[in-house]
Amino acid sequence: MERFQFARLLSTKYKRRGFLIGAFGVTGSIIASQWTHTRAIAQPSFSAYPFSLGIASGDPLPDSVVLWTRLAPEPLNGGGMPSVNVPVQWQVALDENMKNVVQRGTAIATPEFAHSVHVEVGGLQPERWYWYQFKAGNEVSNIGRTRTAPARDTRVAQFRFGFVNCQDWQNGYYTAYQGLAKEDLDLVVHLGDYIYEYGPQSGGPRQHNSPEIVTLADYRNRHALYKTDSNLQAAHAAFPWIVTWDDHEVENNYAGLIPEENQSQQEFVTRRANAYQAYYEHMPLRRLSLPRGSDLQLYRRFTFGNIAEFNVLDTRQYRTDQPCDDGLKPRCSQAFDSNATMTGTKQEQWLFRGLSKSQARWNVIAQQTMIAQYDFDARPDQELFNLDQWDGYVAARNRLLKFVQQQQPSNPVVITGDIHSSWVHDLKTDFNDPNSPTVATEFVGTSISSDFPETFIPPVVAALSANPHTKFFDAKNRGYVRCHLTQNTWQSDYRIVSTIREPNASVSTLGSFVVQNGRPGAEQI
């Protein structure tokens with residue numbers, strides 16, 4: 001009875017289910033001047049402060065970074081901008097007071113892209129901090145900080161980053177971002193569920209601003225709602241971010257062009273196109289990710305000197321349908337289908353090529369759902385698997401882990417989100433044989449605010465003994481993971497907040513785990 005009640009509860013999350021490019025700026029020459037020397041194309045005025053959604057930077061390269069903002073004086077009402085192009089000035093400085101300006105230019109914010117701005121600033125020096133700011137009309141944004149990547153052939157002694165995921169606005173405040181913004185980091189990686197598509201739900205400290213979102217205007221307003229959070233804005237302004245999505249940026253548990261709910265194919269294609277465009281409009285992404293209808297290139301690779309290379313995956317846009325009608329249940333034969341895929345063939349081959357060529361000490365796979373097998377039913381001869389995770393795509397997982405075993409890229413480490421809880425796994429060539437080789441390590445980070453119901457926790461804990469490759473599990477706490485890499489060790493600190501029910505919280509470390517160079521698998525310290 002308990003098993004089926006648990007399955008029913010947990011399955012509520014896993015149930016079945018020619019453009020303009022005027023938003024980009026042109027890199028300026030290296031100069032040292034202030035706003036007063038910039039020639040304005042026009043002098044717009046605004047009904048309210050236009051930088052209400054903050055500023056951000058992302059996709060750092062050794063000589064380049066993306067700067068982002070969106071003009072939105074009325075953020076929850078479509079932005080409140082007239083349907084005209086608006087010049088937005090930007091500048092980059094070597095100091096936090098913006099006195100020593102080294103790059104500057106003007107970008108055009110267009111109504112076609114919700115007056116968002118994506119400036120790809122080039123000509124920067126590797127492995128250094130920069131500060132940046134925007135100006136539109138007489139209004140000036142806050143000052144943000146960003147950092148370029150080390151040059152590819154540089155030996156890097158240490159690298160620090162944090163990873164985050166799953167920030168349901170309705171379930172709690174973003175107190176984890178309050179702590180994250182104060183950390184000593186070079187980078188933040190967001191693994192998906194940046195927004196949630198649901199309508200208002202009672203019980204939480206705050207509510208969504210509309211029924212379930214479907215149209216482009218809906219998705220824009222929902223992104224804007226999330227962006228108004230001051231803690232999220234502070235975390236964006238403190239570090240460059242690398243982002244990827246999961247399902248809720250469109251719809252829960254969608255797979256490729258297959259919706260969760262009963263929508264027609266064309267209705268869902270249109271909905272996905274709306275969601276993808278709004279996602280692009282609100283993230284610090286490069287031209288590579290400019291949406292093309294219902295398609296958007298999001299998987300990409302970032303190298304940080306010789307210490308780390310990040311393979312950022314998209315496991316929603318190209319995946320085949322969840323097997324066995326989805327859910328939490330025993331696996332049927334479809335879960336072992338050799339043609340089933342999480343990534344699509346092209347992305348899988350791209351990942352394998354990157355891993356085989358990498359010269360980095362640590363090879364990071366940044367992706368969404370848990371790769372490790374986990375049988376939620378501890379009873380002998382019984383099984384219960386989450387089929388939205390890689391447990392529903394066994395052949396695809398076997399291909400990945402077999403490739404890692406055979407090609408032996410240096411220190412593969414997977415970072416994962418989605419499940420609103422903290423886990424540490426040894427990734428095995430055969431999860432049913434505890435003595436099989438461990439070929440990689442997986443760190444699963446808890447959510448920023450999204451819920452893991454307490455009634456689910458006892459069955460998961462009871463099943464730990466049946467899953468010896470799982471080294472750690474916690475679902476009571478929200479937070480983020482802080483990672484410190486050296487040439488010899490990788491340390492992941494699970495940072496948790498005291499509450500998400502109040503706007504402020506304290507931060508502490510729940511547990512720390514270390515991977516040694518050349519020895520896959522994590523040990524708690």
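Which residues of H3 are buried? Select helix H3, residues 216–227. Tyr219, Arg220, Asn221, Arg222, His223, Ala224, Leu225, Tyr226 and Lys227 are buried there, where buried means under 20% relative accessible area, exposed over 50%, and partly exposed in between (1.4 Å probe, protein chains only).

Before going on, note that this is a predicted model, in which local features need pLDDT of at least 70 and side-chain atom pairs count only at pLDDT 80 or more, while totals for chains, interfaces and linings use all residues. Residues are numbered from 1 along each chain as its sequence is written, and side-chain values use heavy atoms, with hydrogens and water left out.

**Stop 1: helix H3**

H3 is mostly covered, with 9 of its 12 residues buried. Helices (H or I, at least four residues) and strands (E, at least two) are DSSP runs, numbered from the N terminus.

**Stop 2: strand S9**

Select residues 158–164, strand S9, where 5 of 7 residues are buried. S9 pairs with strand S21 (residues 479–486) in the antiparallel sense, over 6 bridges; two strands pair if DSSP finds at least two bridges between them. To see one of these links, pick arginine 160, whose bridge partner in S21 is histidine 484.

Strand S10 (residues 187–190) runs parallel to S9, and 4 bridges join the two. Here phenylalanine 163 has valine 189 of S10 as its bridge partner. Follow the chain from S9 through helix H2 (residues 175–180) to S10: this β-α-β crossover is right-handed, meaning that with the strands pointing away from the viewer, the path from the first strand over the helix to the second runs clockwise.

**Stop 3: the cysteines**

The structure holds 1 disulfide, a disulfide being a pair of cysteine sulfur atoms within 2.5 Å. Select cysteine 324 and cysteine 332, whose sulfur atoms are 2.0 Å apart. The torsion about their S-S bond is about -95°, so the disulfide is left-handed. Cysteine 324 counts as buried because its relative accessibility is 11%, whereas cysteine 332 is partly exposed at 28%. Next select cysteine 166, which is in no disulfide; the nearest cysteine sulfur, that of cysteine 483, is 16 Å away. Cysteine 166 is buried at 0% relative accessibility, and cysteine 483 is buried at 1%.

Notes
Expected span 1.5 Å × (residues − 1).
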